[in-house]
2 protein chains.
Amino acid sequence: MPYRVLVLEGDSEQRVWLSDWLAKEFVVDSCGLAREALEKAKQGKPDLLVLAVDVPDMPGMSFLAVLRDTDYGHGLPVIAVAPERTEEGVLRAFDLGVEDYLVRPFDPRELVARCRTVLRRRYERGEYLGAPLSIAGVEIDPGQRRCQARGKRVTLRPREFALLEILMRKAGRVLTRPYLLETVWGMSSTADTRAVDVMVSRLRKALGPEAGKLVETVSKLGYCFREPET
Amino acid sequence: MPYRVLVLEGDSEQRVWLSDWLAKEFVVDSCGLAREALEKAKQGKPDLLVLAVDVPDMPGMSFLAVLRDTDYGHGLPVIAVAPERTEEGVLRAFDLGVEDYLVRPFDPRELVARCRTVLRRRYERGEYLGAPLSIAGVEIDPGQRRCQARGKRVTLRPREFALLEILMRKAGRVLTRPYLLETVWGMSSTADTRAVDVMVSRLRKALGPEAGKLVETVSKLGYCFREPET
DNA sequence: CAGGGATGTAACCGATTTGTAACCCAGCGC
DNA sequence: GCGCTGGGTTACAAATCGGTTACATCCCTG
């Protein structure tokens, strides 16, 4: 399941160039304005943001500060691309939690490689698992294996919990059964893909009729934790 | 429906040789001048460009830069063929986003194989996970299985979605019924070609009267998602 | 080794999706 | 006008998909 990368870069030529390179390996969406990027970050659920610090409508670093203030931008890893290296800039960037920092001119393959690294570190070593998370009235705290739905305590069995956690961490995205099998059950699992259905059924029941609806079935594809329409 | 490959090669003997080999597997168009190639790339909507870097009227790499500047040239994958390997040339080529790089002399079957690889990677990667796409007010995000037409949410059934996605990805090009059957329904499908008509009908209905019009019937040929006037 | 919880599997059944056939209209050549 | 072809639309039936339950396992713990 390819990762989704969002590119924010004011210069359209550069934007196309970056996007083309990243598209060789990731699913890429791009835009040239900070406010578009906020919108797309919210709508598109990217896994990573590549941010040029010189964007027309807002300084890159201010943008980052704004992004960090939003709930969806909180956990989003960012790689910054700056026109030059300044002590202050680098410091500021790392302060705001960027994962990596590239200075122009750079080898595009290096960018792709760094994206790969950040994504792997973030999502494949399970490092992002563990932080408490709250979406649409459902809260989980993996550290304590606790879950609440609309304020009420819900007890989940281990597999139900792991399933819910993945669904919530990738909220809005459709996760296929094979993907869920691989991530929740582990690659060595021999379980049938129907096992996922059964577990989803149990999870829904445990969450109750209301919160259970958030776990949406996407016909012929898989499942998705979806917030209600706004 | 076979892939369409455009060959740009200055030397006419070489051009014929390349084209003949590629024609065993693809639909090939070829030309010997950069400006012809730009024209053909625009008109013919090829899926892949095989580019000899030594073209009479323009250095291959400059050509590539120009091509990347055009709207139809961004997404077009390119395989470069160079007379010799120079560090600088290779780097420059990859900078401009070529997918692959071959140095003469080479085995023509290798070229065909690489074309196949690039095309597969580019067009046949995961079925439902492509990047978001927005044309003429219709937006789809395969990763989230969402579709909007003129700002309004549209719910599509799996086949309808897959059909719309192909039509949009190849917007402006006429797709035949057999092609759609093969790509959307899958090779093993036994469905009748009329099934496509019915699905198109359902898709149009779902998109609504206005957006539905974008899916055009091309008599005796097939269907086409009309892109905005250029 | 018994008991209990967790979870995979199989079976059943209702819901959804989709192919087919039938009917209709429009365009066209005679 | 008539017959023919191509395509839109609809209704219906078949196939597929997915929810749920019951039951068999497996793995603990005691």
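**View 1. A:Pro105 sits in the loop that joins strand S7 (100-103) to helix H5 (108-124) of chain A.** In this predicted model, the peptide bond that leads from A:Arg104 to A:Pro105 is cis, and its omega is near -5 degrees.

**View 2. A:Lys45, a residue other than glycine, has a positive phi, near 50 degrees.** The residue belongs to the loop between helix H2 (34-44) and strand S3 (48-52) of chain A. With a relative accessible area of 22%, A:Lys45 counts as partly exposed.

**View 3. A:Lys220 has a phi of about 70 degrees, a positive value although the residue is not a glycine.** Its place is the loop of chain A between strand S13 (215-218) and S14. A:Lys220 is classed as exposed because its relative accessibility is 67%, and the cut-off for that class is over 50%.

**View 4. The interface of chain B and chain A brings 22 residues of chain B into contact with 30 residues of chain A.** Between them the two chains bury about 2200 Å², of which 49% is on carbon and sulfur atoms. Four residue pairs, with both residues at pLDDT 80 or more, are found in polar contact across this interface. On the side of chain B that touches chain A, helix H3 (60-69) and helix H4 (87-95) of chain B each supply at least two residues, and the largest share, three residues, comes from H4(B). Sorted by class, this side of chain B holds eight nonpolar, five polar and nine charged residues.

**View 5. One salt bridge is counted between chain B and chain A.** It is formed by the side chains of B:Asp141 and A:Arg4, with a distance of 2.7 Å from N to O.

**View 6. The largest nonpolar core has 30 residues, and A:Cys147, A:Leu164 and A:Phe225 touch the most other members.** Several elements of chain A each supply at least two residues of this core, among them strand S10 (146-149), helix H6 (158-169), helix H8 (194-212) and strand S14 (222-225). Leaving aside residues up to four places away in sequence, A:Cys147 touches several residues, including A:Val138, A:Ile140, A:Phe161, A:Leu164 and A:Leu207. Another core, of 29 residues, lies apart from the largest one, and its members include B:Ala149, B:Leu164, B:Leu214 and B:Val215.

**View 7. B:Asp20 is part of helix H1 (residues 12-23) of chain B.** This residue is partly exposed, and its relative accessible area is 49%. Although B:Asp20 and B:Pro108 are 88 residues apart along the chain, their C-alpha atoms are separated by 9.8 Å.

Definitions and conventions:
Residues are numbered from 1 along each chain as its sequence is written. Chains are lettered from A and ligands numbered from 1 in the order in which they are written. Side-chain values use heavy atoms; hydrogens and water are left out. Contact means heavy atoms within 4.5 Å. Buried area is the accessible area (1.4 Å probe) that two parts lose on being put together, summed over both. A salt bridge is a side-chain nitrogen of Lys or Arg within 4 Å of a carboxyl oxygen of Asp or Glu. A polar contact is a pair of N or O atoms within 3.5 Å; within protein, one must be able to donate a hydrogen and the other to accept it, and residues adjacent in sequence count only if both atoms are side-chain atoms. Helices (H or I, at least four residues) and strands (E, at least two) are DSSP runs, numbered from the N terminus. Ala, Val, Leu, Ile, Met, Phe, Trp, Tyr, Cys and Pro count as nonpolar, Asp, Glu, Lys and Arg as charged, and the others, Gly among them, as polar. A nonpolar core is a set of buried Ala, Val, Leu, Ile, Met, Phe, Trp, Tyr and Cys residues joined through side-chain atoms within 4.5 Å. Buried means under 20% relative accessible area, exposed over 50%, partly exposed in between (1.4 Å probe, protein chains only).
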